[in-house]
Amino acid sequence: MRIHRGGPAVAGIALCLGALTACNGSSGTSGGGGGAAAPPTAGASSPGSLEGRQSPASATGKASLDGKVIVIDPGHNGGNADHPSEINKQVKIGNGSKACDTTGTETKAGYGEHAFTWDVSNRLAEILRSRGAKVALTRKDDKSVGPCVTERAGLGNRLKADAALSIHADGASPSGHGFHIIEPLSIGRNSGMVSGSAKLGSALRDAYHEGTGIPYSNYLGKNAIDRRDDLGGLNMSTVPKVFIECGNMQNKGDAAKLASASFRQRIAESLAEGFQTYLG
């Protein structure tokens, strides 16, 4: 998630029973904001809505997630790069200020992080809903602007989510490869969610590593866990929440995986297993 251009001025996201949607900023680095058009995705829900359907355990072979509320935050947005004044607007993140949002990174072939996160998020939402969870996304499409990192956190807070995940891909040096989870450090206001976030992070890390085979990051974090207090999406959250950098888009090997539709499905299935472990 490494690109810092622009930010969305997303108006309040109306909450309605039926579908959930949330958004957050990322740690990303250089790269372009435009990127290739987003690939076909599973049916997306409107932002701020809760959507779920009851699914007996026998239908999926997994313990039911009925009644669990999960917020998924597809990092960035496809329209961010064209609206720098909006995404560069400063917002309060609990211990300072930061840009409303960023553009994200992209692979050398032009596949944008915003498109990657949108696709994976919808695939993941579909799996979780099939297991009975109520899932909300922080944005409704991949062509709008924002929302700001504070609103991405705010959606999970309002819905009293059982867990929230912000999905990203990094834009580090090409020599760096692998994935890592970003967990929150306490800044006071979020102290109540730090412990739960650590458990969520470990569950997602283990499931992602096992399910995708992508190694732990060789450039950041310890055992694929990094802890930060400068991300508004974590600082402003009151529910268990973490970020995942699914790989480094500047690394040739990682980029090839992230650009593959079949591998993105594998990513979604692996993350679903992490939620299953944490919430089961």
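Predicted model: local features only at pLDDT ≥ 70, side-chain atom pairs only at ≥ 80, totals over all residues.
Reader: Which residue has a side-chain polar atom 3.0 Å from the backbone oxygen of His114?
Author: Residues are numbered from 1 along each chain as its sequence is written, and side-chain values use heavy atoms, with hydrogens and water left out. The residue you ask about sits in the loop between S7 and H4, and a polar atom of its side chain also lies 2.9 Å from the backbone oxygen of Asp141. The residue is Arg139.

Reader: Is Arg139 buried or exposed?
Author: Buried means under 20% relative accessible area, exposed over 50%, and partly exposed in between (1.4 Å probe, protein chains only). Arg139 has a relative accessible area of 2%, so this residue counts as buried.

Reader: Which residue meets the side chain of Arg139 in a salt bridge?
Author: A salt bridge here is a side-chain nitrogen of Lys or Arg within 4 Å of a carboxyl oxygen of Asp or Glu. For Arg139 the N to O distance is 2.8 Å. The partner, buried at 12% relative accessibility, is Asp142.

Reader: How many salt bridges does a search of the whole structure find?
Author: Side chains of opposite charge can pair when their charged atoms come close. The search of the whole structure gives a total of twelve.

Reader: How many residues apart in sequence are the parts that Asp73 and Arg152 tie together?
Author: Helices (H or I, at least four residues) and strands (E, at least two) are DSSP runs, numbered from the N terminus. Asp73 lies in strand S4 (residues 69–74) and Arg152 in helix H4 (residues 149–159). Both residues are buried. The pair therefore ties together parts whose separation in sequence is 79 residues.

Reader: Which residue forms a salt bridge with Lys98?
Author: Lys98 lies in strand S6 (residues 97–99), and its partner in the loop between strand S10 (225–228) and helix H6 (232–235), so the pair ties together parts that are 132 residues apart in sequence. The closest N and O atoms are 3.5 Å apart.

Reader: What percentage of the contacts with a separation of 6 or more comes from residues 24 or more positions apart?
Author: Contact means heavy atoms within 4.5 Å. As an example, Ile167 touches residues including Ile72, Phe116, Ile244 and Leu271, not counting residues up to four places away in sequence. For the protein, residues 24 or more positions apart account for 87%.

Reader: What percentage of the protein's residues counts as buried?
Author: The protein has eight helices and eleven strands. Of its 280 residues, the buried percentage is 58%.

Terms used:
Polar contact = N/O pair within 3.5 Å; in protein donor to acceptor, adjacent residues only side chain to side chain.
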